[in-house]
Amino acid sequence: MKKSAPPRYLLRLLKAFCKPEYHADIEGDLLELYERRELESGRVRANLLLFKDVLFLFRPGIIRSAAIQPLTNNDMIKSYFTMGWRSLAKNKLYSTLNVTGLTFGIVCFLLVGLYVYDELTFDNQHTQRDRIYRVISHNENPNNGLTVVAAAGYMLAEESPNAIPEVESTTRIQRIGRANLVDPENPVYVQETVTIGDQYFLQVFDFPLIEGDRRTALKEPNSIVITEDLAMKIFNRVDVVNKNLLFDFMRTPLKITGILKNHPHNSTFNFTSVMSEPGRNNADGFRQGVETDWASTSFTVYALLKPQSNADSVASKMTRLVLANAELAPGRTLFHTLQPLKDVHLRSEGIVDGGRNTNVDSIPQGNPVYVSVFSVAAIFALLIAGINYTNLTTARASSRIKEIGVRKTIGAVRGNLIRQFLVESLITTAIAFLLAVIIVNLLLPPFNNFVNKQFSFFTATSLRFWGIALALIVLVGVISGGYAALLLSRFNPVALLKGLKIRSGSDFTVRKVLVVFQFTISTIMIIGTMVLLMQVRYLNNSDLGFNRDLMLVIDVNVGKARSNFEWVKTEMAKVPAVQHVSVTSRVPGEWKTFRRVKVKKEGSSSEHQIAYVIGADPDFLATYDIKLLNGRNFQNESDSSAILINETAANMLGLTPADFNDQVVDIPVIARNSFFVPLYNDVNASFKPRVVGIVNDFHFQSLRDKIQPLIIAYNNNPIHGIDYYSVKISPHNIQSTLDKLKAIMVANDEREPFEYHFLDDQLALFYIEDQRSQTILSWVAIASVFIACLGLFGLATYAAEQRLKEIGVRKVLGANVVSLITLLSKDFVKLVLVACCISFPIAWWGANRWLEEYAYHVDVTWWVFALAGVLATGIALLTVSYQAIKTALVNPVEILKSE
Amino acid sequence: MKKIQLGEFEEVVLLTVGVLHGNAYGVTIKDEIEQRLDREVTIGALQITLRRLESKGFLKSKQGEATESRRGRPKLFFEITAYGKKALVHSKETRDELWNALPNLVLKLK
């Protein structure tokens, strides 16, 4: 039977007005009836009856309600964007303020964020990083007190994987000193740290190898793996596998078995070459005694644990293993802990970098204080920018009252309006983000240069960073737009269209609180920056008690430079530009480890006390311009058992200027790195020099530390041989002086690499992190103040616009310009003053906490606060008064005639 | 017990749903009323009454299967609820009371 369909327009009509939940079964009934009627009485009649039925269904109860369906289709989204864009384009001033503020905020956030992200992702290149731990030794003995060293014994590394089930493998490295590394076929002397790693080193850590096999590269004795950079330096090319290299203190050449990629900048490892451990019967004799070395601190040991191992329990197993095998000296205690690899960079405070010779620099550490200060500053900068947006948008709510009212009247529900405002804020944020990315891109090269890092744009490693940054910024957009959206969409359309003023009290308070918050943070940043600036200036310019200008410090790197120093000194003194030459074991402001001794007055019954030692020749005092307070300087070789001491040491030993002369002191033990050991093979023997002079206290260490007791021994002494030439030169023609000095050193020994530093540069390195932080923080502070002021400017502009009529009337009634400016600025300045009051105690507390790190520091004086307060208020006043003056000067006729 | 008032058509529809017991949906209800009471019922009037009764709680509905003649549209079967029965009983009782109170004389007067 052929079925014909009812007219579709009737069914469509039904669908159009019928409640959706009723539609299906009503239509079913109609269709069933239609079919029957068609059979009974023909199609025309069936159509007619259907028409009648549909018509009679058109009644309340069946018709769908008039509520607007959610319009989340593409057209509406498109409309949001169009309207958002138009609204931004219409209010150019406010849009520009918003975008500029956000751009600045995001730029600060991204740059500082890059820095922080980099600090937090140190050593992330190793795929097993979560399971790698550094073994830390906690030693205590009567001589030393407690020392915490990142090092352990040879056998601990050797036996742990066998004895402790959770330990998958271990690796140990050792930095035994510095030496010339040369290509025997073409000797160019390159001074390098000598690093020895065992065969598992490249397996526990995955330093990427360009050439070579990581499993076998360090297996054979006399193998060496070098980095690309070093290969370029020595050979000028990188395909040098199987070539030979030679350390000048060894007889056997080393075969290159692998080329490493250069370390990424965020790596705690900075070695340029690793040689394999020597074989059992090696003639160079490193291996003597390693089989019994359980408890030394000669090796840096890393352990790779099996997944889900408990580091603490492994550490105590290691302690037990060591104690079961080692014979500790009486009174010595030792236990181990494990430090996760990710903590090595930022959380190694109080842990001495072990497993190295004293002439090897310790690995650079990050400063967790600065990392957290920066993170907070970066987030605050972004927050301030977000607050600006919220403030400006809500403040301008009343200008948009009509728009919102009309929208609501023609059927926009609250959701539409919220979405509308959110889209607007997202457009603003997106524009700001794009601009910020462009600016960051432009700023990156100088920024990299400045913080000494190599950030690049959108590299694989920092994709995650960009993800996080983008998410955070969208979040800021949503939150800062969200408050405005919720607030603006809340109003009743009737009230809106009647032109009632919206004076929602809470909203006004929120805005005030936000402005106060912005300025509190800005003021804290201003104060922080000023204190930092003062401290850094103090660090770099304070009188150290010696003269550091034009002081050239040349490292002693070859044996002959040490043994033949008299000749070198004489030759150097002949160079016209050279004023003084001195040889010393360490120099004031030293960057390598000072040797320490324990000392007491001969015959005294008191305890021995710790003092630092510099070995120096008679020219030392003149070269460094150190004042001799009492007694005499060294004179000649006969003074090899004479010492000078500084005032602190004199106090410590209880020597007064009157009775110190020729006092004999007793020095039985010495610490070359962390541990005190007897100075001579005979435990009971000790060095007994005479005190011949007392020198002025001078800062031979960083200003972070208090001046310690210092003993200046003659250059020929049993504690520390000479390691440096210090040459005081005149400022003219420095390059040619350098050339002449180099010629002398090379004439003395052809293998001389001539490594030199200017002492003032070297001293500045102590504080380079502070200097950098100060600069970064000042920029962030400036940006924050700027952003906050943009916000204030916007608010002031708006307030002035709102009060135009009022101003006009006041003027007509005789108000003068000054009183009008006061009227308009007063409210804002009040807010800034409140902000100052809140920020002062916080800043005072923070600054003092930070300054406590330095034994010598500036005091936080009242005028810093006063200046910061005046600065903040002044800038705010300036910002606001521009608008105030502009408004106050307007001719009242202009304003009032429009009505 | 207040407000279980039923309109005349409402009562008819409710009773018809009861009569059809289990097979009461739009078309059958319409047919049944038309046959038994000999009056014309429009879909619109019926539907709105059904929905009203449902929303008052006298009826409940259940979606049935789709048949070919309805082109896949489901039938909506109605059933009297307990409350609906109570309403019917209440309605009948009030009528009976009135009938009983009616003096015989009045009927005879016809």
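In the predicted model, A381(A) touches G105(A), C108(A) and F109(A) as well as V780(A), A783(A), S784(A) and I787(A), when residues up to four places away in sequence are left out of the count. Together with V112(A), A381(A) touches the most other members of the largest nonpolar core, a set of 95 residues. At least two residues of this core are supplied by each of α5 (92-120), α10 (368-395), α12 (414-451), α13 (463-488), α15 (505-541), α22 (768-802), α24 (817-851) and α25 (862-888) of chain A. Because residues are given both by domain 2 (76-122 + 367-501) and by domain 4 (503-543 + 766-899) of chain A, the core lies between these two domains.

The contact between the chains draws on 18 residues of chain A and 17 residues of chain B. On the side of chain A that touches chain B, the elements giving two or more residues are α2 (20-41) and α3 (43-57) of chain A, and α2(A) provides the largest share, with twelve residues. By residue class, this side of chain A divides into nine nonpolar, seven charged and two polar residues.

As to confidence, the model scores ipTM 0.84 and pTM 0.69. For chain B, the average pLDDT is 84, and 95% of the residues score at least 70. Where pLDDT is low, the predicted coordinates should not be read in detail.

How values were computed
Residues are numbered from 1 along each chain as its sequence is written. Chains are lettered from A and ligands numbered from 1 in the order in which they are written. This is a predicted model: local features need pLDDT of at least 70, side-chain atom pairs count only at pLDDT 80 or more; totals for chains, interfaces and linings use all residues. Two residues are in contact if their C-beta atoms, placed from the backbone, lie within 7 Å. Helices (H or I, at least four residues) and strands (E, at least two) are DSSP runs, numbered from the N terminus. Ala, Val, Leu, Ile, Met, Phe, Trp, Tyr, Cys and Pro count as nonpolar, Asp, Glu, Lys and Arg as charged, and the others, Gly among them, as polar. pLDDT is the predictor's confidence in each residue, from 0 to 100. A nonpolar core is a set of buried Ala, Val, Leu, Ile, Met, Phe, Trp, Tyr and Cys residues joined through C-beta atoms within 7 Å. A residue is buried if 20 or more other C-beta atoms lie within 10 Å of its own, exposed if 12 or fewer, and partly exposed in between; C-beta atoms are placed from the backbone. Domain bounds come from an automatic or database domain assignment.
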